[in-house]
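Subject: Structure handover

Hello,

Here is the structure for your review. My notes follow below it.

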Amino acid sequence: MGDPVTSITIVGGGTAGWLAACFLRTKCATKIKITLIESPNVPTVGVGEATVPHMPVTLREMGIDDQEFMRRCNASFKMGVMFNDWNVDRKGRFIRYMNPFASPPRIEGVEAGHYFQAYGAGNRDYIRSFSPLMDLFESWKCPFSLNKQGEDPMPRAGYAYHLDAVKFAGLLAERGRDHGIEHILDDVDDVELDERGFVAALVLRETGRHPVQLVLDCTGFRGLVIQKALGEPFDSYADYLGNDRAMALQVPHPDPEKIRAATQSTALGAGWSWAVPLFNRIGTGYVFSSAHRTDDEAAEEFLAHLGDMAPPGAEPRVIPMRVGRSRRAWVKNCIALGLSGGFIEPLESTAIHMIDMGLRWLLQYFPSQDYEDATRDAYNRVSDGMFNEVRDFICLHYRLNNRTDDPYWMDSRTQLKISDRLEHLLDLWKHQLPTPLDVPSAHLFTYNVFTAVLLGKQVYDNGYGDGQLNRSFALPEKPWKAFLRQSAARNRAVLDHKADHRRVLLALRGELRAGMRASTRLGEVDESGAAESALF
C-alpha cells in the first residue's frame with residue numbers, strides 16, 4: 001500500500017468546490033491539507049437553488065447553524081415538487097400532481113398504491129389519499145408549527161431547502177477559510193502530468209507551480225482537469241434528453257406574505273419552467289430544446305408564462321446546457337464533482353445531492369498515493385449507478401407524457417432513447433406497480449417515488465397497460481375505506497396544526513418579533529425559540 005494522501009487540491013469554487021472543501025475538512029483528519037484554487041475571472045452558474053431531503057443532514061454534519069443558514073441564504077422549505085401540465089386526463093384537462101417527500105403506508109401489508117388504483121379515493125388524488133403535503137402547499141404552510149398546544153399529528157417529516165446558490169457558496173467559502181482551507185485566487189494556465197499520466201502539478205498564472213496529490217475537479221462545464229488535461233471522454237445524453245438550453249430570471253413574490261413550500265415544474269411548449277420560492281424572491285427559468293424553440297421564441301413564451309410576475313423589461317439570462325457526463329468520475333488521481341463530472345437537467349434538483357454523494361463515496365473509497373485500481377473502480381461503479389438512475393428517472397417523465405398539443409412533447413415521447421433498464425421497467429409496470437425488487441440499488445429514487453409519478457400522471461387511467469394490474473393478494477375494500485377516513489381526519493389535523501411558511505421562516509431568521517431567538521436546530525419551533533423535536 002502506498003503512502004497516505006496528505007494533500008487534497010480542489011480546482012474551482014462555487015457550490016461544488018466549497019461544499020467539497022467544507023465537507024472534507026469536517027470529515028478528514030486534520031493532517032490532510034485542503035487547498036481550494038479558484039479563478040477570479042470565471043463566474044459560477046449559480047442557478048441550482050433547490051435540494052433534496054439529505055441536505056439538512058449534510059449542513060448539520062458540517063456544523064452550519066440553521067438560523068445563520070436560513071438568514072444568509074434566504075432559504076425556505078421544500079416538501080416536494082409540484083408538476084403542472086405534464087400530462088392530461090381522460091377528458092384532455094391538464095393534470096397537476098406532487099412528487100412528495102413522504103412515503104405511502106402499507107394497509108394490512110399491502111402498498112397503498114394498489115388500493116388506490118383498485119378503488120380510488122373519491123375526490124382525492126393518490127398523494128392526498130395518504131399525505132397532507134399537498135394541502136399544506138396549497139394553504140401556504142410548511143411542515144413546522146409555531147407555539148401550538150397539543151400533540152402534533154405529524155411530528156416528523158422529510159424536508160429539503162430552497163436556497164440562493166450564490167449566497168450559499170459564499171457562506172461555505174467563509175466557513176471554509178475560517179476552518180483552515182487554503183484559498184488561492186488564481187487562474188490555472190496549465191496542468192502538468194507525470195510519466196504515468198497522473199496530475200503532478202497545476203501551473204498558476206500568478207502563483208506558479210502548485211504540486212498536487214489528490215485533485216478534485218470542480219471547474220464546471222469546462223472540465224479543466226478531468227477532460228481537457230486527462231482527456232476523459234464526455235458521454236452526451238442528447239439522445240436521451242432533448243433539452244439543451246435554459247434561461248434564468250429572478251422575480252419578486254406576487255404576494256410577499258405568501259411563500260410556497262415546494263418547487264414547481266410547469267410544462268411549456270418546448271420544455272418546462274421551474275419556480276423556486278426563496279424567502280425574498282422566486283428563482284425561475286425555462287429549460288427547453290433549441291430544436292423546437294430559438295432563444296427569442298423561448299424568451300417570448302417564458303415571459304408570457306410569467307405574465308405580471310416578470311419585471312418590466314426583464315431579459316432572462318440564457319445558459320447553454322451540456323447534458324451528459326464524463327465517462328468516468330475518477331481518472332488517475334482526479335475526481336470530478338459537480339458540472340465537471342456531469343449534468344442532468346434540474347427537473348428533480350439532484351445536482352447538489354450528487355456532489356454530496358460523490359464526497360461521501362470518496363470517504364468510503366479513500367485512496368493511498370498508489371491510487372489503487374480496485375478503489376477507483378469501486379467509486380466509478382457507484383457513481384455510474386447514480387448517473388444512470390437519475391437519467392432514467394428524468395427520462396421517465398418525458399416518455400410517459402401524453403400531450404399531443406406540441407411537437408416537442410410528441411417527440412419527447414417517441415424520438416428520445418431510454419436505457420434498456422428503464423425500458424424493461426416500463427414494460428413491467430404496464431402490468432404491476434413498482435416493487436422494492438425492481439430498483440434494489442436506488443440511490444435516491446425508490447420504488448415509492450416511481451409509483452408517485454405513475455399514479456400522479458394517471459397513466460393507468462389513460463391506456464397504459466391493459467388497465468388490470470397483476471396481484472396475487474386479496475384486496476378487500478373495507479380496510480381501504482377505513483384508512484381513507486383516518487387519513488382525511490389526520491390531514492385536516494395536520495393542516496390545522498402546521499404554521500404559515502413565511503412566519504416559520506421569520507421565526508428561524510430571528511425576525512418574527514424583536515428580541516426573539518430562533519432554534520439552532522430545526523424542529524417544532526415556537527415563538528419563544530424553543531425546539532420541541534428534530535424533524536429529520
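The axes of helix H1 (residues 14-27) and helix H10 (residues 351-364) come within 10 Å, crossing at roughly 35°. Axes here are lines fitted to C-alpha atoms, for helices over the stretch in contact, with angles from 0 to 180 degrees between N-to-C directions. Helices (H or I, at least four residues) and strands (E, at least two) are DSSP runs, numbered from the N terminus.

This is a predicted model: local features need pLDDT of at least 70, side-chain atom pairs count only at pLDDT 80 or more, and totals for chains, interfaces and linings use all residues. Residues are numbered from 1 along each chain as its sequence is written, and side-chain values use heavy atoms, with hydrogens and water left out.

Back to the helix pair. The crossing of H1 and H10 is right-handed (the near helix is turned clockwise from the far one by less than a right angle). H1 makes the contact through Thr15, Ala16, Leu19, Ala20, Phe23, Leu24 and Lys27. H10 brings Ile352, Ile355, Asp356, Leu359, Arg360, Leu362 and Leu363. Contact means heavy atoms within 4.5 Å. By class, that is 10 nonpolar, one polar and three charged residues (Ala, Val, Leu, Ile, Met, Phe, Trp, Tyr, Cys and Pro are nonpolar; Asp, Glu, Lys and Arg charged; the others, Gly among them, polar).

On a 1 Å grid over the protein atoms alone, a cavity is a set of points where a 1.4 Å probe fits but cannot get out; a pocket is an open set with protein on both sides within 12 Å along at least five of seven lines; lining residues have an atom within 4 Å of a point.

The second largest pocket holds about 450 Å³. Its lining has 21 residues, with Pro100, Phe101, Ala102, Leu444 and Val449 nearest the centre. Strand S5 (94-100), helix H5 (126-130) and helix H14 (447-456) each give two or more residues to that lining.

There are four cavities of 30 Å³ or more. The largest cavity has about 50 Å³ of space. H14 gives the most to its lining, three residues.

Last, charge pairs. The whole structure has 33 salt bridges (a side-chain nitrogen of Lys or Arg within 4 Å of a carboxyl oxygen of Asp or Glu). One joins Asp152 and Lys498, with the closest N and O atoms 2.7 Å apart. Asp152 sits in the loop between helix H6 (133-138) and strand S8 (160-162), and Lys498 in the loop between helix H15 (477-497) and helix H16 (501-509), so the pair ties together parts 346 residues apart in sequence.

Best regards

Conventions: Points joined across faces, edges and corners; volume = space filled by probe spheres on them.
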